[in-house]
Amino acid sequence: MKISYNWLKQFIKIDWKSEETAALLTDLGLEVEVVEKYQSIKGGLEGVVIGHVLTCVQHPDADRLKITTVDIGTGTPIQVVCGASNVGAGQKVPVATIGTELYDKEGNAFTIKKGKIRGQESHGMICAEDELGLGESHDGIMILDDSLVPGTAAATVFKIENDEVFEIGLTPNRADAMSHLGTARDLRAGLLQNGVSVELITPSVSNFRVDKRTLKIDIDVKEPKLAPRYCGVTISGIEVKPSPAWLQNRLKAIGLNPKNNIVDVTNYVLHELGQPLHAFDAAKINGKVVVQTLAAGTKFTTLDDVERELHEEDLMICDEKGPLCIAGVFGGKKSGVSESTSTIFLESAYFNPVSIRKTAKRHQLNTDASFRFERGIDPSITEYALKRAALLIQEVAGGEITSDVVNVYPKKIEDFNVFLNFKNVNKIIGQEIPKDTIKKILVSLDIKVNSVSDAGLGLTIPAYRVDVQREIDVIEELLRVYGYNNIAFSNKLNATVFNAPRNEDYKVQNVIASQLNSQGFHEMMANSLTTANYVTLSDQLNPTNNVTMLNPLSADLSTMRQSLLFSGLEAVSYNINRKNADLKLFEFGKTYHNYLAGYEEKKHLSLLLTGNRNQENWTGTQKTSDFFLFKGYVLGILSRLGIDKLQTKPVELDVFAEGISLVVGNDTIVSLGVVKKVILKHFGIKQEVFYADFNWDLILKKISTKIKYTEIPKYPEVRRDLALLLDQTVSYESLYNLARQTEKGLLKNIDLFDVYEGQNLPEGKKSYAVSFTIQDNAKTLTDAQIDKIMSKLQKNFETELGAVLR
């Protein structure tokens, strides 16, 4: 945001240097990033003076040149060779003296030097309008008023304006400061705190009056929630032409290009008071003005000559035949002010910020008006700004006010009431601020003190301070005006050591993240905002449970995610498309749900595995990642956290083609499996992807903090293998559980190291090769003991599972 210092001084009479004012504004939270010099004419006409042509004779060696002697107020006339056809003795002219720096149309500088032209010395240049940057004409030199005194600086004659412009990095919450008036309000508060008493001077509208009531245009607001306040007035007999120099200079200083006097006034008031305005050609309005929404798909051509398709929620300014303007965002081509316009309808309104932001984002339009409307303007100055603009239009374009101000304001927007507790002020700031100082600061910020007690103050906050609605907001206002630099801090450093539990969330996350990193996993962080369409990929995700944004940046970022899977698959797809197909990813993140009982936030850990186990290498063949490898990673996490006594049950999530859930008691702590191909196809993924979803909130409750350890056994272990022929329907889990039940004491480990299905086996059969590790911690086992255990295992496999020893 750009603020002109000269313009700012119209509100506050201050003689501070720009550097001092910039420093104070920065301390107040309006950070001045740079202070730039501005001159209405580049170079400021420095070195250009008024000259009096004493003599003018023909150049002896050039038909088109003349030799003049010019009095420039130094006492000694100078000789200047001039090629202008209209130069003559007795004229008062602008003269660029030796050393003067002028600028061409492209802004390139050139210096006036002493020289010879066709053998005759020339000690300066008599200038044309375009050579000084005062216009476009190059037909001849400028001939000035005869009353001017030779030697007078041209800058004073042409009223060159020198200004300084503050570039303020305005934060989004400071909607109240998006104008010269708003900045002046803050500056006044800062000056008062620094002991400088100043008055805030606002433009007067006391001269506003209705000249004739000959052109009334009725206003019908059909969407009062979207347009809580709407004002309008008509002005007739205007002349559309270029704005006067003072108005153009104000706009140019802050980077705006002047267009015509009507549009320039609306832009001037916008940057002066922060109230956007719009002028319609009244002759192009059919009947009354209607503020409403239109059917989706309605075509509308805006001022930039682009035909746009309207949304059913776009608020439009219409007449009885159709749309005229996108409310608060952009004007229409057909209803805009042109050179032939003689009557206008001037609009000043307060529009719903959320509605304007959605419309502006929807149509990818970012205008000065929408920038202010979508952040919240002052609803109390709508009519005042309208009158201010009407008076300025009369000043620069003539005309008469031909209607009363129509002010549609059915429900007043109320100010905010806040109670400020003195104890909370001291607690938050960390230093006691005198109560009188608190009151003084609040009053300087236009915050009314309604009641005073020993405990605190009852306050009324102006409606335009949309960022100050809570007690903590008021404390922040006090602190920024009082000055952060004025808050003392102790030279003593205090530290407190506390005993944090071992299973604190961030500690557990670090442990598991380190483990996964050591196994080749990479941590990812996905955006919690996603598209609402992803819930359609799972029947178990309900669109009605979506947490939707009120003002989304786009449709793809309109909804809080209900699952970590889809954002993870986005990352998988992105990497595969860039030739990185072997992936191990994990993410700690949250999901968001809108239930009947209220909003709910859940924390998860997600794992994704796809592609080959390792990179291609001459020492071995590549092997694709499989479910059992993935399950091992999952069990490793649970083992590291001391979570055992797991039970397996069929997976319930429908995003899996096949998978399992691991359960502790009645609680499912993790679901894992192969993602359905139909879901992978949506992301353009053609390879198998494994996914695990940990219920992290539940895991934190199940963590075992007990440390278990076992001495290293002194006695040797023995391994025996069995090759068993089994029915296809018999699972390894059944065999494993039966072995554990058969020998509970000495059987230490069971491992399935080969599975065979194919030729040379009876139909419906498969072969398992299983190893059994047996060990006694108290003594060395004998062959008889080992044989007895193996015989017992074999007999139970044959009896219970129908196994046959191969």
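This is a predicted model: local features need pLDDT of at least 70, side-chain atom pairs count only at pLDDT 80 or more; totals for chains, interfaces and linings use all residues.
Trainee: Which residues of α2 and α5 meet, and how many of each class are in the contact?

Mentor: On the α2 side, look for Thr21, Leu24 and Leu25. They meet Thr183, Leu187, Gly190 and Leu191 in α5. Gly counts as polar here, and the contact of α2 with α5 has no charged residues, three polar and four nonpolar.

Trainee: Is the pair α7 and α10 perpendicular or oblique?

Mentor: Helix α7 covers residues 261-273 and helix α10 covers residues 382-397. Their axes come within 9 Å and cross at roughly 140 degrees. Angles over 145 degrees would count as roughly antiparallel. The pair α7 and α10 is therefore oblique.

Trainee: What is the handedness of that crossing, and what classes of residue make the contact of α7 with α10?

Mentor: The crossing of α7 past α10 is right-handed. Residues in α7 including Ile262, Val265 and Leu273 meet residues in α10, among them Ala385, Leu392 and Val396. By class, the contact of α7 with α10 holds two charged, one polar and 12 nonpolar residues.

Trainee: How do helix α11 and helix α13 cross?

Mentor: The axes of α11 (residues 422-429) and α13 (residues 471-482) come within 10 Å, with a crossing angle of roughly 60 degrees. That makes α11 oblique to α13. As for handedness, α11 passes α13 in a crossing that is right-handed.

Trainee: Which residues make the contact between α11 and α13, and how many are nonpolar?

Mentor: From α11 come Asn424, Val425, Ile428 and Ile429. From α13 come Glu471, Ile472, Ile475, Leu478 and Leu479. Sorted by class, the contact of α11 with α13 has one charged residue, one polar, and seven nonpolar.

Trainee: Which element gives the most to the lining of the largest pocket?

Mentor: The largest pocket has a volume of about 890 Å³. Of its 18 lining residues, Phe628, Lys631, Thr648, Tyr732 and Glu733 are the closest to its centre. At least two lining residues each come from α16, β34, β35, α19 and β39. With five residues, the element that gives the most is α16.

Trainee: How many cavities are there of 30 Å³ or more, and what is the volume of the largest?

Mentor: Rolling a probe the size of a water molecule over the atoms shows where empty space is left. The count of cavities at 30 Å³ or more comes to three. The volume of the largest cavity is about 120 Å³.

Trainee: What classes of residue line the second largest cavity?

Mentor: The second largest cavity has a volume of about 90 Å³. Among its 14 lining residues, those nearest the centre are Thr530, Tyr534, Arg561, Gln562 and Phe566. Both β31 (559-560) and α15 (565-576) supply at least two residues of this lining. By class, the lining of the second largest cavity has one charged, six nonpolar and seven polar residues.

Terms used: Residues are numbered from 1 along each chain as its sequence is written. Side-chain values use heavy atoms; hydrogens and water are left out. Axes are lines fitted to C-alpha atoms, for helices over the stretch in contact, and angles run from 0 to 180 degrees between N-to-C directions. Helices (H or I, at least four residues) and strands (E, at least two) are DSSP runs, numbered from the N terminus. Angles under 35 degrees count as roughly parallel, over 145 as roughly antiparallel, 65 to 115 as roughly perpendicular and the rest as oblique. A crossing is left-handed if the near helix is turned anticlockwise from the far one by less than a right angle, and right-handed if clockwise. Contact means heavy atoms within 4.5 Å. On a 1 Å grid over the protein atoms alone, a cavity is a set of points where a 1.4 Å probe fits but cannot get out, and a pocket is an open set with protein on both sides within 12 Å along at least five of seven lines; lining residues have an atom within 4 Å of a point. Grid points are joined across faces, edges and corners, and a volume is the space filled by probe spheres set on the points.
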